[in-house]
Amino acid sequence: MCDGVSAALLVATTVASIGMQQVQAHQAAKEATAQAKYAAEAQDNEQARNMEEARRALQRGELEADRQRRQASRANGGSVSMLAASGFELDSGSNLSLLMENAEEAQHENAMIRFNAANEAWQYQNRAVDNLNAQASALAQGQNAANKAHYQANMASIGAGLQGIGSGMSLYGKKTKNDDLYDYGSIISGSASIFR
């Protein structure tokens, strides 16, 4: 009778241990997944912000280039009217060269404004790509952590099961007191420790 109670207690303890390990693993996996989703969502928000900053950088560049073009046009128009009012010829010579040089300088400045805006936008776009990569990495790390928690719980469950079997066999071996009976319980209990 006492041996039956011991065996039942052993089975109940083993089952409870396995159940607790599985519950803890499920909770750890759930937490890892939640953290990964949070990190991924943060990266997604940052990616959207960087894309918006890239769009704004291009828009600022266009507005600045347009402002510079109008300013250069006014300055060139002022030069033309001043030269014309002074009686200079505008279709040849150094006056024409001066006007053409001013126009080329204005075009160059306009191109630099646009280039700088495109470069700034490109930097934001690269950050957005980095955010996408970080988002994918966070999700993968969360999945790996969840898988690891389940794996460790399964290995611990196998170890606990083997330990229970080993303890049960030790009880059986002690009950029979047979010198010829090999103590399988201690062998199984000892090998169960590799699963922890």
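## Basis

Residues are numbered from 1 along each chain as its sequence is written, and side-chain values use heavy atoms, without hydrogens or water. In this predicted model, local features need pLDDT of at least 70 and side-chain atom pairs count only at pLDDT 80 or more, while totals for chains, interfaces and linings use all residues.

## Asn110

Asn110 sits in helix 2, residues 93-176 (helices are DSSP runs of H or I, at least four residues, numbered from the N terminus). Asn110 counts as buried because its relative accessibility is 11% (buried is under 20% relative accessible area, exposed over 50%, partly exposed in between, with a 1.4 Å probe and protein chains only).

The side chains of Asn110 and Arg114 form a polar contact at 2.9 Å (a pair of N or O atoms within 3.5 Å, one able to donate a hydrogen and the other to accept it; residues adjacent in sequence count only if both atoms are side-chain atoms). Beyond neighbours within four places in sequence, Asn110 contacts Ala65, Gln68 and Arg69 (heavy atoms within 4.5 Å).

## Glu120

Glu120 also belongs to helix 2. Its relative accessible area is 28%, so Glu120 is partly exposed.

With neighbours within four places in sequence left aside, Glu120 is in contact with Ala57 and Arg60. Its side chain makes a polar contact of 2.8 Å with the side chain of Arg60. The C-alpha atoms of Glu120 and Glu53 are 8.9 Å apart, with a sequence separation of 67 residues.

## Charge over a ring

Arg127 lies over the face of Tyr124, 5.0 Å from the ring centre (NZ of Lys or CZ of Arg within 6 Å of the ring centre and within 35 degrees of the ring normal).

Conventions. Helices (H or I, at least four residues) and strands (E, at least two) are DSSP runs, numbered from the N terminus.
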